[in-house]
Amino acid sequence: MKVILYTDVKHLGEMGDVKNVANGYARNFLFPHMYAVPYNDQTVAYFESRKEEIEARKEQKRKDAASLKDKLEALTVELKMPAAANGKLFGSVTALTVSEFLAKNGYEIERKRIDIPGVTIKSVGNYHCTIHLYESANAEVKITVIGQEDESAKKAEPKKAKKEEAAPAEAPAEEAKAAE
């Protein structure tokens, strides 16, 4: 079924776009939620009259994407992750990890828009990822993964050493009791 989108619909298109969708999707989701209208002469005429408004809105989105691109490219994502001594991460850095870091810094970007080469990062180092903003606007973001040794392992090692030192001190006391 051919429809004209009345508002922006995630994963489908923007206001004013003409799309072919399944009949059930149009009848059961798009029409009841007022996301789209059927494609006919009346709706085509209505959207032709609003064409300037729709184009102005798209141009504003392009400008916003360009300014966001400049801000993101100036940003370096520094992530501290638990890692082994050889630099291999215990977990991995994914698009979700990068998205959460950007959200903490005031940038709301969906994880699906973030492309990390090789899907995940599994070792310490410097990397680049691509963020798809709007149409052909893409931002290249630097990612620096810093290794952080597991603190529970650090705390456990001194305790073991103290127990080993305490054990020889007890042995001579037992030998002294046995000698008596």
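Which residue in strand 9 is the bridge partner of Leu-79? I looked it up and found Val-145.

**Basis.** I am working from a predicted model, in which local features need pLDDT of at least 70 and side-chain atom pairs count only at pLDDT 80 or more, while totals for chains, interfaces and linings use all residues. I number residues from 1 along each chain as its sequence is written, and side-chain values use heavy atoms, with hydrogens and water left out.

**Elements.** I took helices (H or I, at least four residues) and strands (E, at least two) as DSSP runs, numbered from the N terminus. I list five helices and nine strands. From the N terminus on, I read the order as β-β-α-β-α-α-β-β-α-β-β-β-β-α.

**Sheet.** I counted two strands as paired if DSSP finds at least two bridges between them. I found an open sheet of four strands with the order 4-9-8-6 and mixed pairing. Its edge strands are strand 4 (76-82) and strand 6 (114-115), each pairing on one side only. Strand 4 and strand 9 (residues 137-148) run parallel and are joined by seven bridges.

**Helices on the sheet.** I took contact as heavy atoms within 4.5 Å. For angles, from 0 to 180 degrees between N-to-C directions, I used axes fitted to C-alpha atoms, for helices over the stretch in contact. Helix 3 (residues 51-74) lies across strand 4, strand 8 (125-134) and strand 9, at about 170° to strand 8. Helix 4 (residues 95-104) packs on the sheet and touches strand 4, strand 6, strand 8 and strand 9. The direction of helix 4 makes about 120° with that of strand 4.

**Helix 3.** I called a residue buried under 20% relative accessible area (1.4 Å probe, protein chains only). Ile-54, Lys-58, Ala-65 and Leu-72 are buried in helix 3. The buried residues of this helix pack against helix 2 (41-49), helix 4, strand 8 and strand 9.

**Cores.** I defined a nonpolar core as a set of buried Ala, Val, Leu, Ile, Met, Phe, Trp, Tyr and Cys residues joined through side-chain atoms within 4.5 Å. The largest has 27 residues, and Leu-72, Val-93, Leu-102, Ile-114, Ile-131 and Ile-143 have the most contacts inside it. Strand 9 supplies the largest share of this core, five residues. Apart from this core lies another, of eight residues, including Leu-5, Val-9, Leu-12 and Val-21.

**Leu-102.** Not counting residues up to four places away in sequence, I find that Leu-102 touches Leu-72, Leu-75, Val-77, Tyr-107, Ile-109, Ile-114 and Ile-131.

Technical notes
Buried means under 20% relative accessible area, exposed over 50%, partly exposed in between (1.4 Å probe, protein chains only).
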